[in-house]
Structures are given as structure tokens and as C-alpha cells.
Amino acid sequence: MSVPANAATAITKIDPHWKALMACAATEVFSMMAGMELQAYEEMPAEIRGDQTAMVGLAGALCGMITIRCSSATATKLAGALLGVDDPSMTIDAMGELANMVAGNFKSKISQVVDHCMLSIPTVISGEAYTLQVMPPTEGFHLAFRLDDQPIWFSLVVHS
Amino acid sequence: MKKLHVLIVDDSSVMRKIVERSLRQAGLELEEVKEASNGAEALTEVQKENFDLILSDINMPAMDGLEFLRSLASIPNAKSVPVVMITTEGSEARVVEALSVGARGYIRKPFTAEQVKERVTPLLGDPQ
């Protein structure tokens, strides 16, 4: 992944507004591309769980990772909504593409980042027995939404 | 409107399916849809067949969408085919570059079928 030659100064602090921008980016992608509405939780689930995690790396003015995490059942449902057909063999690719679109949509909403940050190709982890670590120091946030009564998490971790 | 022969170029098989689905949802009648996973594969397709419309990603391995556009200009039966770029890029610079090397329009992800229709329909039956 190459970094633009005209890369701006690295952003090492998460702006308080970015949570809302991430929520907006995710909501737009799910609504426009899959016709699915993400519903906010009144109270976030205490534990982040799910055996499907799609991640996209960020490099340039913003370095880190954006992830989407949910259960296999939710991922399969998402893939079906995205493609218009039920094809479980496409679930992993669909999760990766969703992460790619959410990450792209998120960075396009931040003027200091849009032209100065590259996205990696998406990677999908199947299973729950893992720990994801971005090189410290880091900061980040997690957002949870309800999708057909099942949780789905969107996270941003930034190398600070 | 005549049935369309369309080429969809994207390294993501999921995105190729989504684009085809969006074209159908937009009410476009598709006679045949061919797929290519990068610019090099797409060039091979356009040398074999005539297309009414090409939709292409920008960022792809092997040959990206911009290089594909530049190469397309040298293929006699393909240089008048409208090409619409579909991209996650929020960057204006990449979009402007695509338009400067021959793209007739662009669609940013995420998109709706209605947006696809708005961008694509004016280009059909309107050879440059």
C-alpha cells in the first residue's frame, strides 16, 4: 500500500466528531447498498462479539484500522441483502466489500484525510479466538448497531 | 431502449454482482453482462466483443482503471464505448484524472440503483 507523495501531516488524535461520521458512513452504506437500516442501541452491548470480522487498513495521514464485526448469521444475511441472492459462498467477500465501502465513505467525510489516506484491500477473519492489535500508542472507538435484532460493531483504531 | 451488452470491471466479484444487480434494478435491459477482474482482462474482452457500456473500478491490481482507460483509446471498436468509473475514492483528483483520460462519468460507492440510472442512461445511444 503506497502513501501519497503529498501526504498531509499525520493525524494522531481522534476528533470527537468522528464517531458521528462513522455512524453516518455505515448507515449510508448499509441503507444504499443493502437496503438495511442500522438501528442505534440505547445502551451499547457490553461485549464485542461475533465470529466474522472484516478489516481495512488505513495508511497516510491517518494510520490504523476500521473493522466491522458480527455473527456468521448476520454476515450471511448481509451478503444476501447486498447481492440480492442467498449465496453463502459470497459471505466473506461481501463482508470485505462492506468494510471497504464503510472505510472509503468514512474517509471521504474528513477533509484532512480524503486525499491523504490510502485503504488496504479488505481482510476477513472467521472465528472469535483472536486479538487485534494496532502498533501502540493507539486510540479508537467502537459503535454498535442493531441489525434485525442482532448486534454489529464498527470500530476505528488509530495509531496515535 | 435496446438490450445492452455490458462489461463490468472490478477486482471484487461481489462488487461485480452488485453493479449488475443495480443496473437491473435501474430498469436497464441487459442482453449480456461480461465480467473482468482487472484492466488487462477487460482489454482482452473489448478486443473480442463490442460493448454498449463499460463500468469500471479505479483501484485494481495488474492494471488499474486509469491505465485501462488510456489503453482503451487505442482500440478502434472500443474508444467510443462509454465508460463509467465506480469508485470508493473520495478523492477529487482521481476522479478528475479518470475523466481526463476518457471516462464519461463516475459513480461513488455507496450508490443506489437510481443514481446508477441517472449516471448511465444519458450515455446510452450517445456515442462520443
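What follows starts at the contact between the chains and then turns to the core and the backbone.

Reply: First, a word on the source: this is a predicted model.

Start with the contact. Chain A puts in 19 residues, and chain B puts in 15 residues. Now take the side of chain A that touches chain B. Three elements of chain A give two or more residues to it: helix H1 (18-34), helix H2 (72-83) and helix H3 (91-108). H3(A) supplies the largest share, with nine residues. Sorted by class, this side of chain A holds nine nonpolar, five polar and five charged residues.

Next, the core. The largest nonpolar core has 75 residues. Seven names stand out in it, as they touch the most other members: Ile66(A), Ile68(A), Leu82(A), Leu98(A), Ala99(A), Val102(A) and Leu7(B).

Stay with Leu7(B) for a moment. Which residues does Leu7(B) contact, leaving aside its neighbours within four places in sequence? They are Lys34(B), Ala36(B), Ala42(B), Glu45(B), Val46(B), Phe51(B) and Ile54(B).

Now the backbone. Begin with the cis peptide bonds. In chain A, one joins Pro136(A) to Pro137(A), and its omega is about 0°. Look for Pro137(A) in the loop between strand E5 (123-126) and strand E6 (138-147) of chain A. In chain B, a cis peptide bond links Lys109(B) with Pro110(B), again with omega about 0°. Pro110(B) sits in a loop too, between strand E5 (105-108) and helix H5 (113-120) of chain B.

Then come the positive phi values. Asp149(A) is not a glycine, yet its phi is positive, near 70°. Find Asp149(A) in the loop between E6 and strand E7 (150-159) of chain A. Is Asp149(A) buried or exposed? Asp149(A) counts as exposed, because it has 7 C-beta neighbours inside 10 Å.

Ala62(B) is not a glycine either, and its phi is positive at about 70°. The loop that holds Ala62(B) runs between strand E3 (53-57) and helix H3 (65-72) of chain B. Why does Ala62(B) count as exposed? There are 12 other C-beta atoms within 10 Å of Ala62(B).

Technical notes:
Residues are numbered from 1 along each chain as its sequence is written. Chains are lettered from A and ligands numbered from 1 in the order in which they are written. This is a predicted model: local features need pLDDT of at least 70, side-chain atom pairs count only at pLDDT 80 or more; totals for chains, interfaces and linings use all residues. Two residues are in contact if their C-beta atoms, placed from the backbone, lie within 7 Å. Helices (H or I, at least four residues) and strands (E, at least two) are DSSP runs, numbered from the N terminus. Ala, Val, Leu, Ile, Met, Phe, Trp, Tyr, Cys and Pro count as nonpolar, Asp, Glu, Lys and Arg as charged, and the others, Gly among them, as polar. A nonpolar core is a set of buried Ala, Val, Leu, Ile, Met, Phe, Trp, Tyr and Cys residues joined through C-beta atoms within 7 Å. A residue is buried if 20 or more other C-beta atoms lie within 10 Å of its own, exposed if 12 or fewer, and partly exposed in between; C-beta atoms are placed from the backbone.
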